[in-house]
Amino acid sequence: MPNPDATGHWGEFGGRFVPEALIAALDELERAHTEALADPAFTDELDRLGREYGNLPSPLYLAERLSEEAGVEVWLKREDLNHTGAHKIRNVLGQALLTKRMGKTRIIAETGAGQHGVAAATAAAYFGLECTVYMGEEDTRRQFLNVARMRLLGAEVVPVTTGSRTLKDAMNEALREWVASVDHTHYLIGSVGGPHPFPQLVRDYCRGIGDEARAQFLDRTGALPDVVAACVGGGSNAMGIFTAFLDDASVKLYGFEAGGDGYDTGRHAATITAGQIGVLHGARTFVLQDEDGQTIESHSISAGLDYPGVGPEHAHLAATGRAVYEPVDDAEAMAALEKLARTEGIICAIESAHGLAGALRLAKSLEPGARVLVNLSGRGDKDMGNVVEYYGFAGAPEKKEA
Amino acid sequence: MRAADAFAKTKAEGRAALVGYLPAGFPTLADSIKAVDIMIDHGADVIELGIPYSDPVMDGPAIQRAADQALAGGFRTRQVFEVTEAVAGRVPILVMTYWNLVERYGVERFSRDFAAAGGAGLITPDLIPDEAAEWIAASDEHDLDRVFLVAPSSTEERIAATVAACRGFVYAQSVMGVTGARAATSVAAPELVRRTRLRTDLPIGVGLGVRSGDQAAEIAAYADAVIVGSAMVNCYLETDDVPAGHQRLAALTADLAEGVRR
């Protein structure tokens with residue numbers, strides 16, 4: 001397994017840039033995680049939960065009509081069919097089971113649009129853990145349905161009113177709260193970011209995506225895909241599908257970041273493409289920051305990709321050239337979302353549409369018949385508000401003249 | 001002037017030092033210089049200048065608000081040298097900063113410019129010695145103090161490693177939580193100071209939560225320095241009138257200075 005070094009670094013990236021007060025908890029977490037993965041009682045239970053509760057393994061699906069249009073074989077890893085509608089169930093089940101194993105009784109989580117918050121609240125309900133979710137005040141208004149879901153699931157939702165009142169501030173608040181409650185609380189982080197061991201731990205719980213897909217792909221085609229593509233915000237779904245293919249030199253890995261209004265406008269969330277190396281939320285990685293190192297607000301139609309940092313392992317894969325990262329803007333992502341809906345009858349999440357759009361763009365430069373595996377990381381139910389706004393689908397159906 | 005100079009003086013006087021914190025650029029650049037002078041005039045032995053940062057994960061609402069206000073006023077990292085230069089000479093001036101700001105400026109370049117401005121050293125709340133190789137080299141090169149933090153959750157091994165990397169003094173985070181004035185002082189702090197003292201002869205400062213002379217006196221009984229931040233910041237947040245804020249700061253500092261002398 002391509003793990004970081006003993007102090008949590010992949011090359012110059014990663015590490016622990018957090019107050020000393022958290023180090024003991026991070027050490028405890030690292031120990032517990034390592035022991036849990038080596039304990040069949042833990043891994044068997046996690047597998048069973050995935051199967052019986054999470055609807056795993058997710059299917060691998062050849063999108064034939066889309067493939068015809070694209071000129072390459074487009075294979076979709078259907079994480080959109082998982083319980084709670086995205087790959088995130090894998091992460092939360094893993095971390096919540098680990099929380100129980102550590103004897104902690106409460107989880108806290110940060111959330112942007114609310115998807116990770118809903119997943120965390122789901123796992124908390126399943127395991128009978130207390131759950132508090134930090135969410136930017138603006139987002140609690142825009143995503144009131146997800147707030148309602150979390151509350152229905154028994155979680156407390158705390159609107160965050162500091163800073164820019166977005167995901168990054170929700171993460172700040174979760175870290176602050178964690179320092180004060182670390183003796184009985186686990187910080188169930190939502191992506192492959194944060195201080196060591198979080199990036200490795202979240203990846204380990206998400207890597208089933210790629211492990212399954214690789215086996216399914218070999219089983220169905222007798223070969224490996226030529227390209228594996230995924231969207232990248234913090235990067236958990238992308239690390240989830242990339243990890244199994246890291247040692248397959250023939251497989252090209254592509255991560256597609258949110259290009260927002262267009263990369264040239266400066267209003268985007270393309271952290272690796274545009275960012276500079278810095279420290280944010282406990283890790284050294286690429287960060288959207290100004291000349292002084294103050295964090296710059298990111299922009300994307302996709303709340304799940306709207307984050308000014310990225311997981312440190314992605315930073316390392318970009319720096320070493322093992323994976324390639326490119327921006328996909330709002331318009332290109334929405335076009336891919338519509339194309340998938342109309343050719344395949346699948347409404348995916350806007351996040352996942354970034355990965356699909358990037359793959360379709362890439363397809364133009366590939367040999368005809370090349371095999372492209374896309375991680376369809378989530379479903380689009382949650383995004384219908386944005387879709388309505390974007391396409392202007394709202395209003396009564398047109399009346400036919402009598 | 002280094003931290004050791006201040007502690008030599010307070011030790012000779014048989015008392016703890018008072019360390020006063022304010023973010024540079026708050027409430028304005030000029031007023032932050034004035035505020036530091038006020039703290040020194042009214043008995044602060046050491047000054048901690050914060051550099052406002054967009055994502056201050058170790059700070060509570062008061063210091064966050066102050067940082068936001070300074071940044072909204074256009075504060076730039078390099079202005080901390082301006083403030084340092086204006087106030088240096090009477091007491092040691094340390095900068096407390098989140099690490100990304102130093103890394104972005106350049107660790108070596110920051111150390112050089114800060115030393116040239118008359119600064120004494122850095123307090124680094126989100127930098128542990130394990131990640132600090134570049135800073136340790138630069139602070140040796142430019143003869144700057146390095147203040148790392150210990151916390152109630154720190155193991156014996158980590159306390160030993162952390163104090164070994166410190167120079168000037170050791171910052172003991174008295175509570176598991178963010179900065180902010182509290183009604184009651186920490187019960188964990190005396191134990192943390194006791195554990196830390198077993199590992200070092202450096203002075204030990206206790207911070208997080210102090211807001212009155214009585215609390216300062218309580219901490220001064222077992223620590224070498226009493227560190228006060230949010231209560232200082234609140235002097236300006238609680239009024240829109242900067243001169244009134246200056247008056248509050250003068251009164252609070254005098255009260256705290258009296259506390260460490262009891």
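Reader: Okay, starting with Asp59(B): leaving aside its neighbours within four places in sequence, which residues is it in contact with?
Author: Asp59(B) is in contact with Gln64(B), Val178(B) and Thr179(B) once those sequence neighbours are left aside. Keep in mind that this is a predicted model.

Reader: Got it. Where is Asp59(B) found in chain B?
Author: In the loop between strand 2 and helix 3 (61-72) of chain B.

Reader: And is Asp59(B) buried or exposed?
Author: Buried, because 27 other C-beta atoms lie within 10 Å of Asp59(B) and 20 or more is enough to count as buried.

Reader: What does UniProt say about Asp59(B)?
Author: An unreviewed UniProt entry places the feature "active site" at Glu48(B) and Asp59(B).

Reader: Then tell me about Glu48(B). Where does it lie?
Author: Glu48(B) lies in strand 2 of chain B, which covers residues 46-50. Glu48(B) is buried too, with 28 other C-beta atoms within 10 Å.

Reader: What's Glu48(B) in contact with, again leaving aside neighbours within four places in sequence?
Author: Val19(B), Gly20(B), Tyr21(B), Leu94(B), Met96(B) and Ile123(B).

Reader: New topic: helix 2 of chain B. How many residues does it have?
Author: Helix 2 of chain B has 13 residues, 29-41. From first C-alpha to last it reaches 19 Å, close to the 18 Å expected at 1.5 Å a residue.

Reader: Which of its residues are buried?
Author: In helix 2 of chain B, the buried residues are Ser32(B), Ala35(B), Val36(B), Ile38(B) and Met39(B). They cover an arc of only 155° around the axis, so they sit on the same side of helix 2 of chain B.

Reader: What do those buried residues pack against?
Author: Strand 1 (17-23), strand 2, helix 4 (79-87) and helix 12 (242-260) of chain B. On the face turned away from the buried side, helix 2 of chain B carries the exposed residues Ala30(B) and Asp41(B).

Reader: And what comes just after that helix?
Author: Just after helix 2 of chain B, Gly43(B) takes a positive phi of about 115°.

Reader: Let's switch to chain A. Which residue does UniProt list as a modified residue there?
Author: Lys88(A), which an unreviewed UniProt entry lists as "modified residue: N6-(pyridoxal phosphate)lysine". Lys88(A) has its place in helix 4 of chain A, and counts as buried with 32 C-beta neighbours inside 10 Å.

Reader: What does Lys88(A) touch, not counting residues up to four places away in sequence?
Author: Gln115(A), His116(A) and Ala119(A).

Reader: How is chain A divided into domains?
Author: Domain 1 takes 9-51 + 88-202, and domain 2 takes 56-85 + 207-391. The contact between them takes 35 residues from domain 1 of chain A and 32 residues from domain 2 of chain A. The domain 1 side divides into 14 nonpolar, 15 polar and six charged residues.

Reader: How far apart are the centres of the two domains?
Author: Their C-alpha centres lie 22 Å apart in chain A.

Technical notes. Residues numbered from 1 in each chain as written. Chains lettered and ligands numbered in written order. Predicted model: local features only at pLDDT ≥ 70, side-chain atom pairs only at ≥ 80, totals over all residues. Domains from an automatic or database assignment. Contact = placed C-beta atoms within 7 Å. Nonpolar A, V, L, I, M, F, W, Y, C, P; charged D, E, K, R; others polar. UniProt positions renumbered as here; feature names shortened; annotations may be inferred. Helix = DSSP H or I, 4+ residues; strand = E, 2+ residues; numbered from the N terminus. Buried ≥ 20, exposed ≤ 12 C-beta atoms within 10 Å, placed from the backbone. Expected span 1.5 Å × (residues − 1). Arc of directions from axis to C-beta.
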